[in-house]
Amino acid sequence: GGGANATVPKKSYPAVWPKYGTELGAGKGAKVGFAMREDATSRKEEVIHLAATFGILVACYVAAILANGVEIVWDISGSSMVFLIQFILPAACYVKLKLRSTRRKSGKHLVLAWALLILGIVMAILCTTQVALRLSGKIA
């Protein structure tokens, strides 16, 4: 039996990020749990990613400050994001997975998913356009 003093053998798991091919914790300047990327291209991509993220945050902050009320924010997000989350993304994922997984590229469910995807895109565009026209004062 294994009483309270029994030792459990430790397994060694390869900690490798296949994308970079670097073992975690190995290499010059590596920290535990992170694969350090030392090439200039990845550093440039990282800087671009950080700058884009910061730019998006600043733009959202400025838009929130300049908005006259939360109603405007809810109108815009409701007209675009709701369709994206409820209709467009699920249908697009289903279509992509179905086309990858089977040789049969047709079927009732696939046709319905395409119809839902197209309808969701059209409705998102129409509703977002309606909100933009209403906010600009062109329609009541």
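Student: Which helix does Leu126 lie in?
Tutor: This is a predicted model: local features need pLDDT of at least 70, side-chain atom pairs count only at pLDDT 80 or more, and totals for chains, interfaces and linings use all residues. Residues are numbered from 1 along each chain as its sequence is written, and side-chain values use heavy atoms, leaving out hydrogens and water. Helices are DSSP runs (H or I, at least four residues), as are strands (E, at least two), numbered from the N terminus. Leu126 lies in helix H3.

Student: What pattern does the protein chain follow along the sequence?
Tutor: Its secondary structure comes to three helices and two strands. Read along the sequence, the pattern is β-β-α-α-α.

Student: Which helix gives the largest share of the nonpolar patch?
Tutor: Patches take residues with over 30% relative accessible area and no salt bridge; like charges are joined within 9 Å, nonpolar side chains (Val, Leu, Ile, Met, Phe, Trp, Tyr) within 5 Å. Leu99, Trp114, Ile118, Leu119, Val122, Met123 and Leu126 form this one, with about 610 Å² of accessible area together (Shrake-Rupley, 1.4 Å probe; only the protein chains shown count as cover for residues). Six of its residues, the largest share, come from helix H3.

Student: How many residues apart in sequence are the parts tied together by Arg134 and Asp75?
Tutor: A salt bridge puts a side-chain nitrogen of Lys or Arg within 4 Å of a carboxyl oxygen of Asp or Glu. The side chains of Arg134 and Asp75 meet in one at 3.3 Å, N to O. Arg134 is in helix H3 and Asp75 in helix H2, so the separation in sequence is 59 residues.

Student: What separates Arg43 and Glu46 in helix H1?
Tutor: Their side chains meet in a salt bridge at 3.7 Å, N to O. They are three residues apart in the helix, so the separation is about one helical turn.

Student: How many disulfides does the whole structure have?
Tutor: A disulfide is a pair of cysteine sulfur atoms within 2.5 Å. Cys60 is partly exposed at 49%, and Cys93 is partly exposed at 46%. The disulfide count is zero.

Definitions and conventions:
Buried < 20%, exposed > 50% of the residue type's maximum accessible area, 1.4 Å probe, protein only.
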